[in-house]
Amino acid sequence: MVSTNKRAMKVVEEILENADALGCKVIKLDCGATVIDMGLNCRGSWQAGILFTRACIGDLGVVTLSDFKLNDQYSFAAVNMFIEQPLIACLGSQIAGWKLGEGEFATIGSGPARGIAHVASDWYFEMTDYKDDYDKAVLCIQDVKYPDDKIAMEVANACHVKPEDTYILMSDSTCVAASIQVSARMLEQTCHKMFEKHFDPAQIVMIRGKAPIAPVVKDELKTMGRINDALIYGSEIEVWVDAEDKDIAKVIHQLAGKTSSPNYGDLFEDVFKEAGCDFFYVDHDVHSVGKIQIHNINTGRAYCAGEINYEALERSFLH
């Protein structure tokens with residue numbers, strides 16, 4: 001079985017060797033764990049965002065940058081993802097499922113370390129039986145403060161590794177690395193929703209996606225809204241599956257926001273505020289992709305749902 005942590009460590013080593021050039025900051029905690037700041041108290045970079053994303057998926061995919069044309073005047077960068085093992089890369093690693101700490105020190109972890117720890121509260125492992133075993137652990141978090149020794153030791157102990165073999169990559173929302181790695185969750189979001197709608201994501205043969213990289217602003221709430229709008233209204237997914245046509249036809253309109261989200265057309269910042277700024281109270285179907293096409297390798301038939309909502313993206317990105 002492939003080790004996501006072993007693969008991610010090669011990415012971590014590249015970051016450590018080139019931290020200054022990447023605009024990253026390396027912090028050694030008293031317990032021996034390493035925190036790599038990808039944009040909170042440093043400038044970060046495009047390349048840092050790519051490396052953050054690669055580490056988060058256990059380096060089990062191709063991550064590239066391209067262009068997204070919004071209208072005749074504005075265009076933005078975009079992130080492209082190509083993955084062949086989504087059950088491991090997306091659900092066994094990338095998805096944020098590990099609740100760490102408590103109270104004001106609570107945070108949520110994503111990345112390869114989840115595959116070692118398999119904590120009981122990380123229910124996403126109901127979607128995959130993937131389990132990793134490695135002597136180093138790589139975790140990714142998005143927060144407005146550095147993790148402390150208590151958080152690092154919680155990770156090390158759950159993964160049964162030494163604290164000095166524990167690596168935590170982090171950023172806040174208001175940096176380019178965060179904007180890239182959040183947009184790069186379009187495939188994770190698709191696999192997750194397939195499972196929720198009773199379509200087995202194990203039927204996926206290959207999956208790719210593209211989403212714009214939202215322009216950041218020095219306002220955590222506004223930027224958080226923009227980076228989620230990039231997924232909800234700007235993502236475009238292609239999936240090859242080994243499935244029955246009737247099952248694809250049944251699920252595809254449940255995967256696109258236009259035909260499934262009760263808040264379609266609303267900007268995520270507004271939806272989040274209405275939910276009391278608590279993700280728990282945001283309807284799950286809000287977290288849908290913009291446009292999706294599914295190809296059945298058995299029959300050759302293709303299905304499509306959703307759209308790229310340029311008007312919503314203009315409201316989000318330009319005002």
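Start at proline 86. Proline 86 is buried, at 4% relative accessible area; buried means under 20%, exposed over 50%, and partly exposed in between, with a 1.4 Å probe and protein chains only.

A word on the source. This is a predicted model, where local features need pLDDT of at least 70 and side-chain atom pairs count only at pLDDT 80 or more, while totals for chains, interfaces and linings use all residues. Residues are numbered from 1 along each chain as its sequence is written, and side-chain values use heavy atoms, leaving out hydrogens and water.

Back to proline 86. It lies in helix 4, residues 86-94. Helices (H or I, at least four residues) and strands (E, at least two) are DSSP runs, numbered from the N terminus. Leaving aside residues up to four places away in sequence, proline 86 touches Leu91, Cys191, Ile204 and Ile207. Contact means heavy atoms within 4.5 Å. Glycine 61 is 25 residues away in sequence, and 9.0 Å away from C-alpha to C-alpha.

Six strands form an open sheet, in the order 1-2-8-7-6-5, with mixed pairing. Strand 1 (25-28) and strand 5 (98-100) each have a single partner strand, so one side of each has no neighbour in the sheet. Two strands pair if DSSP finds at least two bridges between them. Strands 7 (137-142) and 8 (166-171) run parallel, over six bridges. There, cysteine 140 stands opposite leucine 169 of strand 8.

Last stop: isoleucine 297. It sits in the loop between strand 11 (291-296) and strand 12 (302-306).
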